[in-house]
Amino acid sequence: MSDPASNQLPNYLRSQAKKNEPNVDTTGYGVPVIDKDAIMTVGPRGPVLLQDFQYQDEMAHFDRERIPERVVHAKGAGAFGYFEVTHDITQYCAAKVFSSIGKRTPIGIRFSTVAGEMGSSDTVRDPRGFAMKFYTEDGTWDLVGNNTPIFFVRDAVLFPSFIHSQKRNPETHLRDPNAFWDFASLRPETTHQMMILFSDRGIPDGHRHMNGYGSHTFKLINAQGKQVYCKFHHKTNQGIKNLEPNRAGEIASADPDYGIRDLYNAIANGNFPSWTTYIQVMTFEQAERVPFNPFDVTKVWPQGEFPLIPVGRFVLDRNPKNYFTEVEQIAFSPAHFVPGIDASPDKMLQGRLFSYSDTHRYRLGPNYLQLPVNCPFRVRNYQRDGAMCYDSQASGAPNYHPNSFAGPEDDPRAKRLAPPFAVAGDALRYDSGDEDNFTQPRVFYRQVLDEGGRTRLIDNIVGHMSGAAAFIQERATRNFAQVDADFGRRLADGLRAKAKANL
């Protein structure tokens with residue numbers, strides 16, 4: 001094969017031929033290796049000697065090459081590039097990343113499937129992660145979204161159960177349609193996202209041909225301290241392309257790493273993918289008046305009322321030099337905001353503010369932010385030590401605050417960009433499971449999809465749901481019938497026909 005991914009090693013060989021440097025194998029502590037291909041024994045057939053530290057060094061490191069994979073978004077592809085401002089939004093946001101037209105900020109992106117493991121296929125029906133890291137002067141800003149503008153559930157406490165229903169049955173270690181549809185049908189707020197998942201959008205053609213979304217509602221603050229709510233949208237400039245299910249299945253068996261390969265080759269060939277970024281803006285006064293909860297991640301903001309406002313574009317022009325160090329170890333957290341951008345009351349976002357950083361401290365260690373791919377341009381604080389700490393820790397600066405010895409102080413600008421906001425209400429566990437779960441799915445079914453799209457949606461749901469128990473099928477079908485009666489009828493007819501065909 002002649003594509004760059006297939007020729008990575010021959011290309012490396014050619015690059016090394018140009019170098020006039022010793023090419024000596026060493027141990028992990030830098031000492032030249034005597035014989036890479038032979039362990040030290042007593043005679044050619046004798047036992048191994050404990051003193052062979054060259055072997056110990058090699059094997060001990062090999063035994064620790066893998067770290068825990070992500071519980072979700074385990075399989076992914078990454079790339080690097082820049083974000084460029086093309087339109088002025090400083091009336092809404094004072095973040096330095098948006099400070100002037102033409103400004104470029106380095107970025108890293110990781111695309112991923114959600115439910116599959118590290119070795120799973122890139123062409124399964126699944127949402128795609130769309131996580132962005134902006135390396136700004138004010139620290140790293142992580143915008144951690146998906147390729148859909150909404151999500152399955154709106155309360156973060158449901159997330160572990162939702163993911164368990166998507167993962168493998170703990171006894172059989174198999175994917176379980178009963179668990180999948182049981183949870184979904186008992187939590188009808190999943191209806192909107194389930195319909196997007198089983199539509200044509202459910203299997204993107206690689207990572208370059210899909211949109212990205214921040215999904216959540218965020219808050220922007222301008223230089224005067226005025227706050228508005230916003231949503232982020234990234235529209236692919238390559239055009240939307242999806243895979244038909246049979247074709248996706250063929251690719252899954254022939255090239256399960258299809259998405260990783262496609263992205264790597266496009267960048268290596270100079271065909272740099274790009275996206276255009278927009279925001280939607282809602283004032284606090286509008287948020288009080290809209291007929292839906294603007295912080296509900298299962299719902300979109302109608303673009304007729306809250307139009308897309310262009311902001312900039314981003315381009316991916318560099319592949320990772322090493323997948324493990326730059327993709328497996330890149331760590332995103334929705335809690336990583338910069339001055340001028342902040343969280344909204346979105347319940348799912350609020351839960352993710354804790355969960356992601358907690359995950360990284362488990363997977364990568366307490367100093368994961370010192371890894372080069374995660375490290376901000378400038379860090380001065382009072383954090384010290386911990387496992388695998390390797391930076392200078394501010395040299396001789398004091399490690400306590402307040403102090404009299406020139407330790408870092410609060411930033412007045414950041415303080416100005418963190419104005420107070422009002423909250424009210426009684427503290428209680430509010431179950432939000434019945435907050436208009438069908439109006440927006442009805443718009444999607446009747447107005448967004450054409451008749452061909454509706455037919456494919458129904459066929460895809462029938463094909464998957466037919467593996468679930470009859471009572472779960474009936475409950476799920478009743479939910480979809482609340483979206484549209486004809487939708488429910490066609491699903492019921494399709495499931496009956498499928499059951500008869502399987503007799």
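The structure holds seven cavities of 30 Å³ or more. A cavity here is a set of points, on a 1 Å grid over the protein atoms alone, where a 1.4 Å probe fits but cannot get out. Lining residues have an atom within 4 Å of a point. Grid points are joined across faces, edges and corners, and a volume is the space filled by probe spheres set on the points.

Before selecting anything, note that this is a predicted model: local features need pLDDT of at least 70, side-chain atom pairs count only at pLDDT 80 or more, and totals for chains, interfaces and linings use all residues. Residues are numbered from 1 along each chain as its sequence is written, and side-chain values use heavy atoms, with hydrogens and water left out.

**Stop 1: the largest cavity.** Select Asn146, Phe151, Phe159, Arg352 and Tyr356. Of the 16 lining residues, these lie nearest the centre of the largest cavity. Its volume is about 160 Å³. Strand E4, helix H3 (159-166) and helix H10 are the elements that give two or more residues to this lining. Helices (H or I, at least four residues) and strands (E, at least two) are DSSP runs, numbered from the N terminus. The lining divides into nine nonpolar, six polar and one charged residue. For these classes, Ala, Val, Leu, Ile, Met, Phe, Trp, Tyr, Cys and Pro count as nonpolar, Asp, Glu, Lys and Arg as charged, and the others, Gly among them, as polar.

**Stop 2: the second largest cavity.** Which residues line the second largest cavity? Select Val114, Ala115, Asp126, Pro127, Phe151, Phe152, Phe162, Ile163, Gln166 and Leu197. About 60 Å³ of space lies there. H3 gives the most to this lining, with three residues. By class, the lining has eight nonpolar residues, one polar and one charged.

**Stop 3: the largest pocket.** A pocket is an open set of points with protein on both sides within 12 Å along at least five of seven lines. Select Pro376, Arg378, Val379, Arg380 and Asn381, which lie nearest the centre of the largest pocket among its 36 lining residues. The volume of the largest pocket is about 1,300 Å³. Strand E4 (139-146), helix H10 (347-363) and helix H11 (412-416) are the elements that give two or more residues to its lining. That lining splits into twelve nonpolar, eleven polar and 13 charged residues.

## Helix pairs

Axes are lines fitted to C-alpha atoms, for helices over the stretch in contact, and angles run from 0 to 180 degrees between N-to-C directions. Contact means heavy atoms within 4.5 Å.

**Stop 4: H3 and H4.** Show H3 with helix H4 (residues 177-186). Their axes come within 7 Å and cross at roughly 145 degrees. Ser161, Phe162, Ser165 and Gln166 of H3 make the contact with Ala179, Phe180 and Phe183 of H4. Four of these residues are nonpolar, three polar and none charged.

**Stop 5: H14 and H15.** Move to helix H14 (residues 470-483) and H15. The axes come within 5 Å and cross at roughly 150 degrees. H14 and H15 are therefore roughly antiparallel (over 145 degrees). Gln473, Thr477, Phe480, Ala481 and Val483 in H14 meet Ala485, Phe487, Gly488, Leu491, Ala492 and Leu495 in H15. The contact has eight nonpolar, three polar and no charged residues.

**Stop 6: H13 and H15.** From H13, select Glu451, Arg454, Thr455, Leu457, Ile458, Ile461, Val462 and Met465; from H15, select Phe487, Arg490, Leu491, Gly494, Leu495 and Lys498. This contact has eight nonpolar, two polar and four charged residues.

## Single residues

**Stop 7: His401 and Pro402.** A cis peptide bond joins the two, with omega about 5 degrees. Pro402 lies in the loop between H10 and H11.

**Stop 8: His173.** Go to the loop between H3 and H4, where His173 sits. Phi of His173 is near 60 degrees, a positive value in a residue other than glycine.

**Stop 9: Asp57.** Select Asp57 in helix H2 (residues 53-62). Not counting residues up to four places away in sequence, Asp57 touches Thr27, Gly28 and Tyr29. Asp57 and Tyr29 are 28 residues apart in sequence and 8.8 Å apart in space, C-alpha to C-alpha.

How values were computed
Angles under 35 degrees count as roughly parallel, over 145 as roughly antiparallel, 65 to 115 as roughly perpendicular and the rest as oblique.
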